[in-house]
Amino acid sequence: MMTAALFFTLRNMPMMAATGLQMIFFNIVTVFAFLVPIALVAAELATTWPKNGVFHWVEEAYGTQWGFTAVWLQWVQSVFGIASILAYIAASLSYAFAPQFASNRWFVFSVIILVYWVATLANLRGTRASGIISAVCLSSGVLVPSLVLIVMAIVYVITDHPVHLNLALTPDNWLPLLNPQHHLLLFLSFIFGVVGIEVSAGHAREVKNVQRNYPIAVFAAAIIGFIITLLGGLAVAIVVPATRLNMVSGTVQALQHLFTAWHLGMLLPFAAILIAFGAAGQVSTWILGPIKGIWAASRTGILPTSFQEANQHGVPRNLLLVQAVFMSTVALLILVMPSVNMAFLLLTSLAVVLYCFMYLLLFTAAIRLRYTHPDVRRPYRVPGGRNWGLWLVASTGFLTSLTCLFIGLIPPGHMREGIYAPAILGSLAVMVLCPLLLYRFRHLPSAKASI
């Protein structure tokens with residue numbers, strides 16, 4: 001359930017719905033070519049080198065500078081990813097008061113700033129407080145609305161209401177054969193829904209009979225995530241016409257249509273608040289998680305000593321506040337982009353591109369460690385002979401990550417192709433160079449800090 005919880009989000013359902021029946025194909029590719037390889041590789045690395053996640057795994061394979069680069073990319077992408085989640089919160093929340101605000105950039109920007117800073121202050125009280133917030137928000141604001149949406153959509157179809165999903169059994173309706181550029185860009189939302197799955201592998205050592213039970217848990221979570229997100233995406237596509245679908249607030253749009261069909265419009269504000277509440281819980285989880293990896297790396301002397309300090313709750317206070325300022329700066333994209341929808345797609349694409357580069361490091365590190373540290377005991381090993389199973393799994397994940405990185409260079413909407421791809425590549429280059437330069441000019445501590 002801890003692994004499956006990473007899938008339970010409503011924010012990707014509108015972009016899934018925009019692909020029509022192709023969402024089935026994209027979901028299958030996401031689960032088996034991306035999610036499962038990440039989870040299995042991370043399980044081996046987490047049970048063998050349990051310290052500090054991707055920082056320590058990549059450090060063991062390529063050295064501290066690349067370990068820091070990996071955790072830096074994990075952190076930076078989370079800032080861009082959180083910005084898109086916060087935009088989704090704002091668009092959902094608008095339906096509780098004034099739906100027209102869903103496309104109002106100043107309203108969206110204000111909600112992003114307010115929710116993020118409140119969540120940051122709450123996280124200063126430590127992991128326990130963050131965990132309680134996330135558990136309450138996810139159960140009430142993700143699971144409940146998802147089940148309501150799916151059940152009501154089933155009743156909607158049974159009672160002969162108009163179905164807006166194209167059900168034609170033609171190849172181009174099931175596969176991205178026509179206008180592939182647009183649909184491949186939307187495919188990134190499927191990938192974005194499962195990035196970070198390696199976090200759950202940190203608990204693999206707590207599983208009894210890990211070699212047998214952890215893969216079962218991963219595949220069970222993959223099936224649950226596949227079913228819930230697929231049914232939710234289909235529900236949105238069935239209820240909301242594609243021409244009227246809002247990429248950010250489409251889930252609330254679907255609930256609005258369903259409530260209206262049965263004269264339950266008074267429930268929409270409550271549903272909108274619950275959905276925003278659920279997404280806020282995810283924001284709370286992501287605020288503290290990646291920054292702790294940066295904090296662990298900083299204690300080797302890469303960052304100034306002021307960033308190595310923690311408060312009485314074990315939270316790197318200064319790093320958290322710097323992250324909040326960075327997040328506020330990124331939120332300005334909402335004000336300068338042509339539309340909220342386009343800003344949402346841009347933030348999602350940039351987050352995926354950065355994270356996929358980190359996954360390229362992760363998959364190659366796993367293979368390299370099999371050869372450089374062959375005698376280290378691995379409580380869990382990716383199944384399949386001595387090494388061929390890992391080569392198969394890691395290569396599949398590597399190729400999927402590389403493909404997604406190139407897809408992320410496709411400009412969304414009407415953005416100019418000659419500007420967009422160089423801008424994304426330039427951003428990636430800057431984000432990779434930053435940690436390498438920070439490491440090059442690091443301040444070495446007088447004594448090696450223990451992590």
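**Close-up 1. Helix H2 is mostly covered, with 22 of its 27 residues buried.** Buried here means under 20% relative accessible area, taken with a 1.4 Å probe and protein chains only, and helices are DSSP runs of H or I of at least four residues, numbered from the N terminus. The model is predicted, so that local features need pLDDT of at least 70 and side-chain atom pairs count only at pLDDT 80 or more, while totals for chains, interfaces and linings use all residues. Residues are numbered from 1 along each chain as its sequence is written, and side-chain values use heavy atoms, with hydrogens and water left out.

**Close-up 2. H2 bends by about 35° at Leu 35.** The bend is the angle between axes fitted to the seven residues ending at a residue and the seven starting there; a proline, Pro 37, follows within four residues.

**Close-up 3. Leu 86 lies in the largest nonpolar core, which has 158 residues.** Such a core is a set of buried Ala, Val, Leu, Ile, Met, Phe, Trp, Tyr and Cys residues joined through side-chain atoms within 4.5 Å. Helix H14 (residues 340–372) gives the largest share of this core, 24 residues. Beyond its neighbours within four places in sequence, Leu 86 is in contact (heavy atoms within 4.5 Å) with Ile 112, Val 115, Tyr 116, Val 283 and Met 327.

**Close-up 4. Cys 356 is in no disulfide.** A disulfide is a pair of cysteine sulfur atoms within 2.5 Å, and the nearest cysteine sulfur to that of Cys 356, belonging to Cys 404, is 4.7 Å away.

Technical notes. Buried < 20%, exposed > 50% of the residue type's maximum accessible area, 1.4 Å probe, protein only. Helix = DSSP H or I, 4+ residues; strand = E, 2+ residues; numbered from the N terminus.
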